[in-house]
Amino acid sequence: MTDIPSLLQQLRHVVEGSLPALQERRFDITWKPDGSPVTAADVYLEDLIRDWLTNALPGLCFIGEESWTPDLVVGDEWVAVLDPIDGTENFCSGLKEWGTSLSIWRGGKHAGSMLLMPELGEGMTSGAIPRVPRSRIVGFSSSFNDAIGQGLAENAEGRIMGCAVYNLFNVIRGAYARFVNPKGAYSWDLLAGVALAEEAGCEVIIDGEDYDGRFLQPGRRYRVDIRHRYDFHPGEGTVRR
C-alpha cells in the first residue's frame, strides 16, 4: 500500500527545493481571460509536481489549475488536485503570502493533503498538523462581496490576505478562529484545506451544509466557512482533540 503521508513529506522537500527556480520565474507574467495573472513559475511548479506524482502513482488522474480542461474525466483510482501557486497576485507582486495546495484521493476517498507556504517556511500535511492555542482572528477571502464587507464590520479582528492557502493553513492550526469565503472558490483552491480541516476536527461548512468528506469536483465554485474548535485544558496551554 502506498504511504501517502510519507509521499507528501517527500514532495514537500521537492517543492521547497524548487524555490530558487520559482523566484527566477516570478515576474514572467501573462494574463488569463478573466484578468488574473499567471506566471511562468505557476506552470513550472505544476509540471514539476505532476511529473513527480505521475511517477509515484501510476495511472494517476491529475487535476491542476493551470492545465485542467472541462473534458477531463475524473478516474476511480488515484486523483490529485493541485493549485501550484495559490495567491498568484501576491506572488507576482513580491509578497511571501502565497502557497501550494495538493490533495490526493483514491476511489472517492481522501488519502492525504498538503498545504505549503515555501517563502514563509510553513507547511502541513496529513498526520502532521501544527497547532496553536487560540485566536480571535477571522480571515476572509479577497474575492470581495457584500457578505465580506458585513463580516469585516462585525468582526474587530478581521483579515484579508489574498491567499486561500494562507487562510486555510491558519484556521486549521488555530491561528485563525474562522475562515469565510462566501463568494466561492474552486476545488484546487479549497480541497486540500477542507480535508485537512476535517482531519483537525474543525467545523467545516460547504455551500451552507456540513462537509461530509466528499470529493469537490473541479470547474465549479464552493462557498466555505471553517471554524476551529478549541478544546482548552486549564494550565496546559495546549489544544487537544
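Q: How do H6 and H7 lie relative to each other?
A: In this predicted model, H6 and H7 are roughly parallel to each other, a term for angles under 35 degrees. The axes of helix H6 (residues 164–173) and helix H7 (residues 187–199) cross at roughly 5° and come within 10 Å. Axes are lines fitted to C-alpha atoms, for helices over the stretch in contact, with angles from 0 to 180 degrees between N-to-C directions. Helices are DSSP runs (H or I, at least four residues), numbered from the N terminus.

Q: Which residues meet there?
A: From H6, Ala164, Leu168 and Ile172 meet Asp189, Leu190, Gly193, Leu196 and Ala197 of H7; contact means heavy atoms within 4.5 Å. The residues of this contact divide into six nonpolar, one polar and one charged. Here Ala, Val, Leu, Ile, Met, Phe, Trp, Tyr, Cys and Pro count as nonpolar, Asp, Glu, Lys and Arg as charged, and the others, Gly among them, as polar.

Q: Changing topic, how many disulfides are there?
A: A search of the whole structure finds zero disulfides, meaning pairs of cysteine sulfur atoms within 2.5 Å.

Q: Is cysteine 163 buried or exposed?
A: Cysteine 163 is buried, at 3% relative accessibility; buried means under 20% relative accessible area (1.4 Å probe, protein chains only). Cysteine 92 is also buried, at 10%.

Q: What are the ground rules here?
A: Residues are numbered from 1 along each chain as its sequence is written, and side-chain values use heavy atoms, leaving out hydrogens and water. Local features need pLDDT of at least 70, side-chain atom pairs count only at pLDDT 80 or more, and totals for chains, interfaces and linings use all residues.

Notes
Helix = DSSP H or I, 4+ residues; strand = E, 2+ residues; numbered from the N terminus. Parallel < 35°, antiparallel > 145°, perpendicular 65-115°, else oblique. Buried < 20%, exposed > 50% of the residue type's maximum accessible area, 1.4 Å probe, protein only.
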